[in-house]
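Here is a short report for a reader meeting this structure for the first time. Please look over the sequence and the model before reading on.

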Amino acid sequence: MAAGRPLRFAIIGAGMSGILAAIELRRAGHSDLTLYEKADRPGGTWRENTYPGIACDVPSHLYSYSFAPNPDWSHHFSPGAEIEAYFERVAREYGVTPRIRFGDEVVRCAFEAGRWRLETRGGHRDAADVVIAATGVLHHPSLPEIEGLSSFGGACFHSTRWDHDATLDGRRLGIVGTGSTAVQIVPALVDRVAKLTLFQRTAQWILPQENPEYTEAEKAAFRRDPATLARLRANLSQLFAQGFANAVVDAASPQMKMIEDLCRQNLERSVTDPELREKLRPAYRAACKRLVISPDFYRAIQHPNAELVTEGIERIEPEGVRTRDGHLHPLDVLVLATGFRADRFVRPMHVFGAQGESLDERWAKRPDAYLSISVPGFPNFFLLNGPNGPVGNFSLIEVAELQMAYILQLVERLRSGECRELCPTEEATARFETDREEAARRTVWTTGCRSWYLDDRGIPAVWPWTFDRFREEMARPKREAWEG
Ligand code: NAP
């Protein structure tokens, strides 16, 4: 690397994007970096979520770093534990693990006299020129406000805090929620429990997707010829972007119609009992909520052990769930698959910008960030998978790789001495936000449903354009949008 200003980096979070940031910074010649991780292992969401049936519904060969293909994925959509092991292995092999400070959560981060001063829960202090917040999107559980919740007599936990000591075999299990998480849990447990009661507030469209294992011959072929793997990844990326990611941002697109047809056919063909079929039929367009993908949910919900309850929940009692019709559903274990607070981002960490303004103040109503990467007044502070970015059905790895390549170009301006501080202008951020909100109104996410994509005003807090446009934006920072 050419001579320049030596920079120190603090990366917050050792999940998929934090590990990526460390690898890319080291590849760009930056060796002075520390990752702060609140837990005792890397892996982010894949460490946190251990519920039965967990898998990624993005194809495994796409949900891998482009530079670290994995010929050994067991399935087209591999289970969570395998994904966690992949991130741990990559972190180890790329020399990231020794740079991680485990069990020490950054609680405060303030830009003072040209540098970021960090403070951890354990009282450790650090200073860095650049902070990369890789803290994830969906990690603050959203707990339902249901009367009597704490009175439940059996084990009761959120899906992301799975209690592996709770006995399930032969017990009566209740699950609240019908999002991607619940739809994975139901098939994994339905034939282990005595009875599974699924409490559905809103029905979901389900895109059918079989999940075959890769054969040993296929894995051997991937190992022999890495070019095959690279081609497979590129094809999956294109298929995903064109057939899916680009469709959902245009509610009127023919691809969107195809997705809707597939979901409708799945419901008609898979559910035989007309009454159950109608209970499972959503009253909104497919993909309005983040689309749920499953090979076996409909099969599982028709299992003799399963019951779908669509009556609203009145309250929770020590013995079970009482619905509004007065019926008590007796349960031994209650799982809250009720989703996440998607607007929290780096919080509860307190971040203070150059003028002492806090991110909590700036984000009091809702979070914003220029291109979802950086916030005016917070110099040299970059977010991966930050607010209003491409989430949902995109591969967040591809998203983070593109964002990191963009951030590296800004870092290079700092290293070369061209400037000491960089953050987006208020003007560029406001313009981005206005354009984003306008485009978001044309997406399928605004066609009449409630979902975690929608902000407090009902505007989707996501990237509302095509994946190609995202790629173009990430190719090169626009000079006029950044000040230093
Ligand atoms: P979610 O999609 O937000 O679903 C939460 C569910 O809980 C909804 O069915 C919701 O009903 C219900 N709910 C919430 N509060 C309730 C209450 N008070 N009473 C009754 N029902 C209540 O959460 P999630 O399933 O955990 O998924 C979140 C996101 O995580 C997904 O959209 C996806 O992006 C990601 N994820 C990905 C994968 C993957 O394979 N890649 C797997 C799991 C999760 P309403 O619909 O009526 O609000």
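How many salt bridges does the rule find across the interface of domain 1 and domain 2? The rule finds two. The model is predicted, and the values below are computed from it.

Domain 1 gives 17 residues to the contact, and domain 2 gives 17 residues.

The size of an interface is often given as the accessible area lost when the parts come together. For domain 1 and domain 2 the buried area is about 1500 Å². Carbon and sulfur atoms hold 45% of that area.

Polar links cross this interface too. Six residue pairs are in polar contact between domain 1 and domain 2, counting pairs with both residues at pLDDT 80 or more. On the side of domain 1 that touches domain 2, seven residues are nonpolar, seven are polar and three are charged.

Arg161 and Glu48 form a salt bridge through their side chains, 3.7 Å from N to O. Both residues also belong to a network of salt bridges, together with Glu37 and Arg47.

## Salt bridges elsewhere

Side chains of opposite charge can pair when their charged atoms come close. The structure holds 41 salt bridges. The table lists some of them.

| Pair | N to O distance |
|---|---|
| Arg161 and Glu48 | 3.7 Å |
| Arg223 and Asp72 | 2.7 Å |
| Asp129 and Arg115 | 3.1 Å |
| Glu278 and Arg281 | 2.9 Å |

Take the salt bridge of Arg223 and Asp72. Arg223 lies in helix H5 (residues 216-224), and Asp72 lies in the loop between helix H2 (45-48) and helix H3 (80-93), so the pair ties together parts that are 151 residues apart in sequence. Arg223 is partly exposed, at 44% relative accessible area. Asp72 is partly exposed as well, at 37%.

Next comes the salt bridge of Asp129 and Arg115. Arg115 belongs to strand S5 (residues 115-120), while Asp129 sits in the loop between strand S6 (125-128) and strand S7 (130-133), so this pair ties together parts that are 14 residues apart in sequence. Asp129 is buried, with 6% relative accessibility. Arg115 is partly exposed, at 27%.

In the pair of Glu278 and Arg281, Glu278 is partly exposed at 43%. Arg281 is partly exposed at 25%.

Is Glu317 buried or exposed? Glu317 is buried, with a relative accessible area of 11%. Its place is in strand S14 (residues 313-317). The side chain of Glu317 makes a polar contact of 2.9 Å with the side chain of Arg322. Beyond its neighbours within four places in sequence, Glu317 touches Ser151, Phe152, Arg322 and Leu328.

Thr323 sits in strand S15 (residues 320-323). Thr323 is buried, and its relative accessible area is 0%. Its side chain is in polar contact with that of Asp325, at 2.6 Å. With neighbours within four places in sequence left aside, Thr323 has contacts that include Phe199, Val309, Glu311 and His329.

## A helix from end to end

Helix H6 spans residues 226-248 and contains Thr228. Thr228 is partly exposed, with a relative accessible area of 26%. From the C-alpha atom of Thr228 to that of Ala247, 19 residues along the chain, the separation is 27 Å.

## Backbone exceptions

Most residues other than glycine have a negative phi, and most peptide bonds are trans. Some places in this chain depart from that.

Which peptide bond is cis, with omega near 20°? The bond from Arg347 to Pro348 is. Pro348 lies in the loop between strand S17 (333-336) and strand S18 (350-352).

Leu371 has a positive phi of about 55°, though it is not a glycine. Leu371 is in the loop between helix H10 (359-362) and strand S19 (381-383). Leu371 counts as buried, at 2% relative accessibility.

Asn385 is not a glycine either, yet its phi is positive, about 50°. The loop between S19 and helix H11 (396-415) holds Asn385. At 5% relative accessibility, Asn385 is buried.

Key. Residues are numbered from 1 along each chain as its sequence is written. This is a predicted model: local features need pLDDT of at least 70, side-chain atom pairs count only at pLDDT 80 or more; totals for chains, interfaces and linings use all residues. Side-chain values use heavy atoms; hydrogens and water are left out. Contact means heavy atoms within 4.5 Å. Buried area is the accessible area (1.4 Å probe) that two parts lose on being put together, summed over both. A salt bridge is a side-chain nitrogen of Lys or Arg within 4 Å of a carboxyl oxygen of Asp or Glu. A polar contact is a pair of N or O atoms within 3.5 Å; within protein, one must be able to donate a hydrogen and the other to accept it, and residues adjacent in sequence count only if both atoms are side-chain atoms. Ala, Val, Leu, Ile, Met, Phe, Trp, Tyr, Cys and Pro count as nonpolar, Asp, Glu, Lys and Arg as charged, and the others, Gly among them, as polar. Helices (H or I, at least four residues) and strands (E, at least two) are DSSP runs, numbered from the N terminus. Buried means under 20% relative accessible area, exposed over 50%, partly exposed in between (1.4 Å probe, protein chains only).
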